Amino acid sequence: MNRILRNIPFAILIVSLQIAWTTSVAASGSLSLSIKTKHTSGSRPRPKAAENYAKSKKLLARGQAKLALRKLSKAPSKLLKDREALVRGDALMSLRQTGPAIKAYKSAIKHAQTKRVALRGARALVKALGSKGQSKQQLQYINVLLKEKELSRRASLLLEKVTVLEQLGRKHDAARTAWRILQDYPTDKIANTAEEHLQRLLDKGAKRPASSEKMELARIRNLWKSKSYKRALRALNEMSERAAHLERTIILEKADIAGHQRKTDEELKFLLKAEGMTLTSRQRTKALERIGRLYMRKDENDLAISYFTKLATQFPKSRRVPETQFLAAWLPYNSGDYSAAATSLLSFAQKYPKWIRRPEALWFAAWSGYLSKDYGIAKRALAQILEDHPNSEMSLWSYYWGGRIEEIQGKKERAKKKYREALKIAPLGYWGHWSSAALTRLGEQVVLSPPPITKIASIDQALRQMQKKRPITVDRGIALFEAGLENEAFDELRQASKSLSKLKNRRARIMVAEMLNQLGAHNQAFRMASQITKSGTDLASGEPYSWRAWRLAYPFAFEQHVKAAAKEHEVDPLLVLSIMRTESAFRPYVRSPVGARGLMQVMPATARRIGRSAKGGRKHANRYKQPASNIWLGTWYIKQLLKRYNQQLPLAISAYNAGPRPADRWLKANAGRSIDEYTEAITYRETRRYTRRVLETYQTYRRLAGMKPYDLSQPLIEKAPPKGAVSF
């Protein structure tokens, strides 16, 4: 590949992939992959509605294409017309009846009720048209597929486009498309095949893609974004030898690579070198901001402020100025000078009244005033949030902390009024839970008892309670599940939820979520219910459907594994669920950008250390990606963190996310403070939000279970960890 990259110039007319969904096709009318949802009414589909379809799929999987076709032709189904057309097309292709297969695939696309069916039909059609030699239509469908943003295996489809263009005699376009693959997917295995195609096309007389350093830089960016850092740096060094005039750009690219690798000192070195060169205004403003942020990361605040000031002085109209001036105003807070921070942040908020993050600036001004006990400035900042940004999430914070200040000043009735406002807006939100605890502390009992658990509606009952005209995907999902085709059933019900959300039919969406839960699609049911539930205000009326949605949004997922691990390690299973819900949203095999795996997001290194430390842990460490072992490892770890921090839950939660060392620092700086104050004082933004979410989720789980909420009233105590406490 490197041989071709060195020999090929790099200016290229980029072949646009943004082809409209609907393309005119002379032979077949209008080509479209859009979904037109049908509706139905009446009772549920008959129990055997998808039986023939399911049997035909099994027959085809066994290689019995003729029997599969006969099974479909016996009783054509209107309910599953598109899916049956797909199977018919596949069966006909296996029998080498390409013409009828093409007709079947087009029918599948025309009648598709889910995007997955439409895409599956289009991909099959591309292959069928190719075997029939209909390259023009094949190219049109390829272009339509490439429009889909969530399309999988895009590189392989582009490679297929190269072949089709070559068959059409468009070797120059084919060469450009092959080069596009090398540029956009330089680390993909398909890049090697694309390279071979490109060389062959050049040998046949295709025009070389014209040279452009801009295109080469784009390829290099794709390399380091794919974590091929060594290849990217090697390519930059080669470019610097033949293009000395690009020195500043190359240095900035190297700074980007160092930043992507989190090499702060190296990134700073390259940026400082670039700053001494002649840069464009855009490059210089970006460099000044980045240098200031890097000095912030190194806790060299004076240098950070000097670069932020330089940016504001040299480029006063830059869109980067408000953000960097906010950071400059915030730095005294980071240094612990809360009085100065309150003044500087409030001054900043007055100077930039239309800045998008102004509510956050006002909040930090209020919080700094609270910490420095300058309650006057804190109240002023909180009042500005409520007056100028009533719809901001900061408004809830303002009500709660406004109540806390009133309570500290002995104005209990004013405090209660503010707590009630927060509770009214979000009774099951983070600040709603805190307000409930505060009102209880002030002698005003808050009761939010769920009604008795009612039996979940049967599928027949759910259908009757929906509107007369419901999306046909509901019926299709039921029929497919009863035929044993679970994945296809879930696909249909997800599409049903999308259709119902557009109609704003909340009750029907809850019914679909319950169906998913009954059918075993717990993650899909949870996701749908989480979209329906918001702040908890819908529970005030006691309307049963709201409670149904909330219970689905807070499920007892992986119940057997959670109960077993919680019992063995003596941890509240609801706490395990709260961490699991926050970490992975109950996706058992999810992988984070940093490599954490599974339901409890266990790092491989952490799993190995637990395996060496915990009795019986080795077997679980060896299969830490599996749900049962992942839950066991995560539950053991949270138990050890609770021991380390003397059962102080907020500390254990923040340490689960950030590790014990940062949590130790936060405890030392906030010993004696209340839990709500500690959480706000966590300096890592991600951990601060994480701790809030887990506490909110845990309190909500307990309330939905009819249990007393976790006691939030105890101040944090700094105490030496017990002997043998975890340190990782």
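Y370 is buried, with a relative accessible area of 6%; the word buried stands for under 20% relative accessible area, exposed for over 50%, and partly exposed for values in between (1.4 Å probe, protein chains only). This is a predicted model, in which local features need pLDDT of at least 70, side-chain atom pairs count only at pLDDT 80 or more, and totals for chains, interfaces and linings use all residues. Residues are numbered from 1 along each chain as its sequence is written, and side-chain values use heavy atoms, with hydrogens and water left out.

**Overall architecture**

- The protein contains 38 helices and 4 strands; helices (H or I, at least four residues) and strands (E, at least two) are DSSP runs, numbered from the N terminus.
- A box of roughly 85 × 75 × 55 Å, taken along the principal axes, holds the C-alpha atoms of the protein.
- Of the 728 residues in the protein, 54% are buried.
- A contact requires heavy atoms within 4.5 Å. Among contacts with a separation of 6 or more, 61% join residues 24 or more positions apart.

**Surface and charge**

- The accessible surface of the protein is about 35200 Å², and carbon and sulfur atoms supply 50% of that area. Accessible areas come from the Shrake-Rupley method with a 1.4 Å probe; for residues, only the protein chains shown count as cover.
- There are 135 positive and 64 negative side chains in the protein, and the centres of the two sets lie 6 Å apart. Lys and Arg count as positive and Asp and Glu as negative, while His and the chain ends are not counted. The place of a charge is taken as NZ of Lys, CZ of Arg, CG of Asp or CD of Glu.

**Aromatic pairs**

- Rings of Phe, Tyr and Trp (its six-membered ring) pair if their centres lie within 6.5 Å; planes under 30 degrees apart count as stacked, over 60 as edge-to-face and the rest as tilted. By this rule, the protein has 31 aromatic pairs.
- One of these pairs joins Y370 and W401 edge-to-face, at 5.0 Å centre to centre with 70° between the planes. The pair links distant parts of the chain, 31 residues apart: Y370 is in helix α19 (residues 358-371) and W401 in helix α21 (residues 394-408).
- W401 also counts as buried, at 1% relative accessibility. W401 forms a further edge-to-face pair with W431, at 6.1 Å centre to centre and 70° between the planes.
- W401 lies in helix α21 and W431 in helix α23 (residues 430-441), so this pair ties together parts that are 30 residues apart in sequence. Both W401 and W431 are buried.
- Ring pairs link a cluster whose members include Y370, W401 and W431, together with W363, W367 and Y375.

**Charges over rings**

- A charge sits over a ring if NZ of Lys or CZ of Arg is within 6 Å of the ring centre and within 35 degrees of the ring normal.
- K269 lies over the face of F270, 4.9 Å from the ring centre.
- The charged end of K563 is placed over the ring of F556, 5.4 Å from its centre.

**E360 in helix α19**

- E360 is located in helix α19 and counts as buried, at 10% relative accessibility.
- Leaving aside residues up to four places away in sequence, E360 touches F326, M394 and R685.

**Helix α35**

- Helix α35 (residues 649-658) is mostly covered, with 8 of its 10 residues buried. Among them are L649, L651, I653 and Y656.
- The cover over the buried residues of α35 includes α31 (573-584), α34 (627-644) and α38 (685-704).
- Just after α35, G659 takes a positive phi of about 100°.
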